[in-house]
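Please open the structure in a viewer and keep the sequence beside it.

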Amino acid sequence: MNLATLDLVRLQDVPDLDQETVLRWHRAHLNPALITLMQLGGYDEVRIERAQGPYLYTRDGRRLLDLVSSYGALNHGHNHPRMVEAARWFDERETADLLKEFPSPYTAALAENLSHVAPPGLDAVFFCNSGTEAVEGALKLALRVFAGARDRFVYAEESLHGKTLGTLQVTGREKYRRHVPRFADWPMVPFGDTQALAAAFAADRERRIAGLVLEPIQGEGGVVVPPAGYLCAAAELARRHGALLILDEVQTGFGRTGTLFRCAAEDVVPDVLCVAKSLGGGLATIGATITRASLQRQAYGRINECLVHTSTFGGRARSAALALEALAVTLDEDFAGRAAELGAWLKGELEAVRAKHPDVVRAVRGCGLMLGLEFHPVKLSGLASPLGAAGLNRIVDSYFPGIFGAELLARHDMVASFMLNNPRVLRIYPALVATRADLAPVPGAIDAVLARGVSRLVAERFAGAVRRVGVKTIREWLKDW
Ligand SMILES: Cc1ncc(COP(=O)(O)O)c(C=O)c1O
């Protein structure tokens, strides 16, 4: 192969690539099944050219309201002006970004600032590049703290802590762990159930449990807020058992739920806090495992242990610089206060919509701007379908929020997705920079979709999906359900 004569794509030509080519390359080299899933909902036809604040702008002139915000990674919205400026400022300095042999002032400053905003006593930080790594870091830290004497974790059903091999051990959804070997049979408990948790600890007579891993509000599980007092009770149970409480605030962190971290609203101080997503302000890829210095010392305090847990890109100077600015914006613009106020208003509006359609919408869940619309199970009859009633019902039962989201995209210029672990909940996570005016059309749009009637919605969306992918593809999809 002569590398010099290869016809490679030039960066500068990418914006002008036609959509057909983009889809072809995605199918050929990335995740073809994901493109099919996008095609079912018409997402493959949308070409995003620009993104600003809570909006996405398409090549053909549409403005879409983003109600996904990259699952909570875009509290700052897209391309927040201060984030864009911070990136420019950092790049113009031409300082070293990737350098592990010398202490970085940016990484030091970010850790210092995080130690001020984290729950009391959490002042030791490990930087990584994603949410799953932040949780992996927490699990490994706990295992090392107990130096092999404890080697298991309690975790919750329907939790999602990442998709790498370690976090899959504590992720409570079988779909993601099929064919993945288990380290051991670690206790999984229903989320929000204090008695079940107490029983799991009580059953551990040999004291093998090193930690309890929880999301303070389950995100992908369907925006599940546990009963009041659950987190406090969980913290106390872990403490009495001598195990660490690991809270995963990857999704709930940095203002999303109405306080900077959800654990503050519950008056709980974990032993380890995992963050990522909006730590980077939408422009940096960064996560962090934050704990007490004493635990950090126990795990990695000796000189010959200081390289036992590292990451080439983790805490690189550019990411730390951007995260410094992201945190400043989070506080200056009072994201937590905005989420609390706007969230209370939006939830109230969505409750009013639910009251008009009680047979379809079961509940409005969540707090702050971490909201979800829960639907009743949808059962249709009398709809003609090439898949037969059972096939169609199976799809509708598992993907109704996806169908709903496709309608919001097609007719209302809104992007809202389903939750990974709950087929009945539609995600509503706007950017925390959104104003009431930005969000004002949301309840009306949801009401309008509901008012068209579930049967009509499903029939039309299904016909569109069949047109785009063909009935054969859908039949194959159903086969390995
Ligand atoms: C609560 C929670 N923890 C961890 C993760 C994993 O984060 P990442 O996708 O950055 O690995 C997610 C992802 O959505 C999440 O919601």
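Select helix H6, residues 131–145, together with helix H12, residues 293–300. In this predicted model, the axes of H6 and H12 come within 8 Å and cross at roughly 75°. An angle from 65 to 115 degrees counts as roughly perpendicular, and H6 and H12 are therefore roughly perpendicular to each other.

Next, show the side chains where these two helices meet. On the H6 side, select Lys 140, Leu 141, Arg 144 and Val 145. Their partners in H12 are Leu 295, Gln 296, Gln 298, Ala 299 and Tyr 300. By class, this contact between H6 and H12 comprises five nonpolar, two polar and two charged residues.

How far apart are the C-alpha atoms of Ala 363 and Lys 140? The separation is 38 Å, between residues that stand 223 residues apart along the chain. Now display the surroundings of Ala 363: leaving aside neighbours within four places in sequence, Ala 363 is in contact with Arg 354, Gly 372, Leu 373 and Glu 374.

Proceed to the ligand. Which residues surround the ligand? Select Ser 130, Gly 131, Thr 132, Leu 160, His 161, Gly 162, Glu 215, Asp 248, Val 250, Gln 251 and Lys 277 to display them. This shell divides into two nonpolar, six polar and three charged residues.

Within the shell, look at individual atom pairs. A backbone N or O atom of Gly 131 is found 2.8 Å from an oxygen atom of the ligand. For Thr 132, a backbone N or O atom likewise lies 2.9 Å from an oxygen atom of the ligand. Asp 248 places a polar side-chain atom 2.6 Å from a nitrogen atom of the ligand. The ligand taken alone exposes 390 Å², of which the protein buries 80%.

For the last stop, select helix H1, residues 19–29, and helix H2, residues 32–41. The axes of H1 and H2 are 7 Å apart, and the helices pack at an angle of about 135°. That angle makes H1 oblique to H2. To view the contact itself, select Leu 23, His 26 and Arg 27 in H1, which meet Pro 32, Ile 35, Thr 36 and Gln 39 in H2. Sorted by class, the contact of H1 with H2 holds three nonpolar, three polar and one charged residues.

How values were computed: Residues are numbered from 1 along each chain as its sequence is written. This is a predicted model: local features need pLDDT of at least 70, side-chain atom pairs count only at pLDDT 80 or more; totals for chains, interfaces and linings use all residues. Side-chain values use heavy atoms; hydrogens and water are left out. Axes are lines fitted to C-alpha atoms, for helices over the stretch in contact, and angles run from 0 to 180 degrees between N-to-C directions. Helices (H or I, at least four residues) and strands (E, at least two) are DSSP runs, numbered from the N terminus. Angles under 35 degrees count as roughly parallel, over 145 as roughly antiparallel, 65 to 115 as roughly perpendicular and the rest as oblique. Contact means heavy atoms within 4.5 Å. Ala, Val, Leu, Ile, Met, Phe, Trp, Tyr, Cys and Pro count as nonpolar, Asp, Glu, Lys and Arg as charged, and the others, Gly among them, as polar. A residue is near a molecule or strand if one of its heavy atoms lies within 4 Å of it. A polar contact is a pair of N or O atoms within 3.5 Å; within protein, one must be able to donate a hydrogen and the other to accept it, and residues adjacent in sequence count only if both atoms are side-chain atoms. Accessible areas come from the Shrake-Rupley method with a 1.4 Å probe; for residues, only the protein chains shown count as cover.
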